[in-house]
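Please keep the sequence and the model open while reading.

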Amino acid sequence: MNVSLLIWTITILVTIAFFVFEFFAHVRTPHEPTIRESAWWSAFYIGLALMFGVGIGIVSGWTFSGEYFAGYLTEKALSIDNLFVFLLVMTAFAVPRAYQQKVLLIGIALALVMRGVFIAVGATLIANFSWIFYLFGALLLLLAYRQAFTHSESNPANGRLMRFVRRHLSVTDEYHGDKLSVLKDGRRFVTPLLLVLVAIAFVDLIFAVDSIPAIFGLTDEAYIVFTANAFALMGLRQLYFLIGGLLQRLVYLAQGLAVILAFIGVKLVLHALKLNELSFINGGQPVPWAFDIPIWFSLVFIGTTIAVATVASLVKTRGQRAPVTEPVAAEVSDR
């Protein structure tokens, strides 16, 4: 794709504008959004993402459009898994529903910034070192195993990171609206809401490590990688309130994502073998039998996997009510 600096600048400015709009239109005044509000804005952002993909096809070709849609589906699925962890964090810290929007918006903005950094680094590595595809492929296979078999249900409010933060900051026992810090008796204290943001930022960093190698396995176009990530994250806040209870029923989502990550990992390794320059593999020459998996197959495989995991989850939990998790207040202290 021939993407000029002007197009990049416009894309980034429009993305920032959407987040600024979200803050002033929905988040600045704390409230819990209604189902109708969440559904309307979720549909709006999904529709916008679909139109953008069609626009890429019209302007740059349908191969690039297919890469975008495959990347968007993958990033959207990973983002929904991210939402499940956000839900665990919100519950562990007993964040009032009215303040969750602010936490989510800041967390999603941080996620996009971190992914932007990873995209820039990944694009530079790919442009200069073809062997990086081996590394990305191996990383995705490892992440696929972790996704499928090593999910943790530990309390995010009592992890090592939170214990470290509490040791070095004075934290209030209660929330003070949506403030991150307050002045009490002449001393500055941070509120539990700041701890939540720290936890969310850490989660974002971990998920960036998952998502960026995954989408680079579907396209090496940095513009597609960025826009697919941006559209996958847009509307995520509304989706959180729309399907919050449904998240508990997606019991096979982790396994579905593991299959997708493993598939992309294999795709990356095959691509690396086709471009091979490592002297200890086939004498530094490309491996003759290696091939690139076509993007149409990747798109169909990813879409089918997500659909099967979702339907199987809903069938498995049919007739079950989403478990109601009572918030457990994080243990915070003033020391």
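Does Gly66 count as buried or exposed? The model is a predicted one, and in it Gly66 has a relative accessibility of 10%. Buried means under 20%, so Gly66 counts as buried. Gly66 has its place in helix H3. Apart from neighbours within four places in sequence, Gly66 is in contact with Ile295 and Leu299. Asp173 is 107 residues from Gly66 along the chain, and the C-alpha atoms of the two are separated by 50 Å.

Helix H3 also packs against H7, at an angle of about 160 degrees and with 10 Å between the axes. Angles over 145 degrees count as roughly antiparallel, and H3 is therefore roughly antiparallel to H7. The crossing of H3 with H7 is right-handed. On the H3 side the contact is made by Gly71, Thr74, Glu75, Leu78, Asp81, Asn82, Val85, Phe86, Val89 and Met90. H7 contributes Val196, Ala199, Ile200, Val203, Asp204, Phe207, Ser211, Ala214 and Ile215. By type, the residues of this contact between H3 and H7 are twelve nonpolar, four polar and three charged. An α-helix has 3.6 residues a turn, so residues three or four places apart point the same way.

A second pair consists of H5, residues 132–149, and H11, residues 253–274. Their axes are 8 Å apart and the packing angle is about 165 degrees. The angle makes H5 roughly antiparallel to H11. H5 and H11 cross in a left-handed sense. The residues in the contact of H5 with H11 comprise 19 nonpolar and five polar, with no charged residue.

H5 can be checked for its length. With 18 residues at 1.5 Å a residue, H5 should span 26 Å, and this agrees with its end C-alpha atoms, which are 26 Å apart. Which residues of H5 are buried? They are Ile132, Phe133, Tyr134, Phe136, Gly137, Leu140, Leu143, Ala144 and Gln147. The buried residues of H5 pack against H11 and also against helix H3 (62–92), helix H4 (97–128) and helix H7 (192–216).

Helix H1, residues 5–27, holds Thr11. The relative accessible area of Thr11 is 13%, so Thr11 is buried. Residues up to four places away in sequence aside, Thr11 touches Tyr223, Phe226 and Thr227.

The loops remain. Most residues other than glycine have a negative phi. Ala94 is not a glycine, yet its phi is positive, at about 50 degrees. Ala94 has its place in the loop between H3 and H4. Asn282 is a residue other than glycine with a positive phi, near 55 degrees. This residue, Asn282, lies in the loop between H11 and helix H12 (295–316).

How values were computed. Residues numbered from 1 in each chain as written. Predicted model: local features only at pLDDT ≥ 70, side-chain atom pairs only at ≥ 80, totals over all residues. Heavy atoms only, no water. Axes fitted to C-alpha atoms, helices over the stretch in contact; angles between N-to-C directions. Helix = DSSP H or I, 4+ residues; strand = E, 2+ residues; numbered from the N terminus. Parallel < 35°, antiparallel > 145°, perpendicular 65-115°, else oblique. Left-handed = near helix turned anticlockwise from the far one by under 90°. Nonpolar A, V, L, I, M, F, W, Y, C, P; charged D, E, K, R; others polar. Expected span 1.5 Å × (residues − 1). Buried < 20%, exposed > 50% of the residue type's maximum accessible area, 1.4 Å probe, protein only. Contact = heavy atoms within 4.5 Å.
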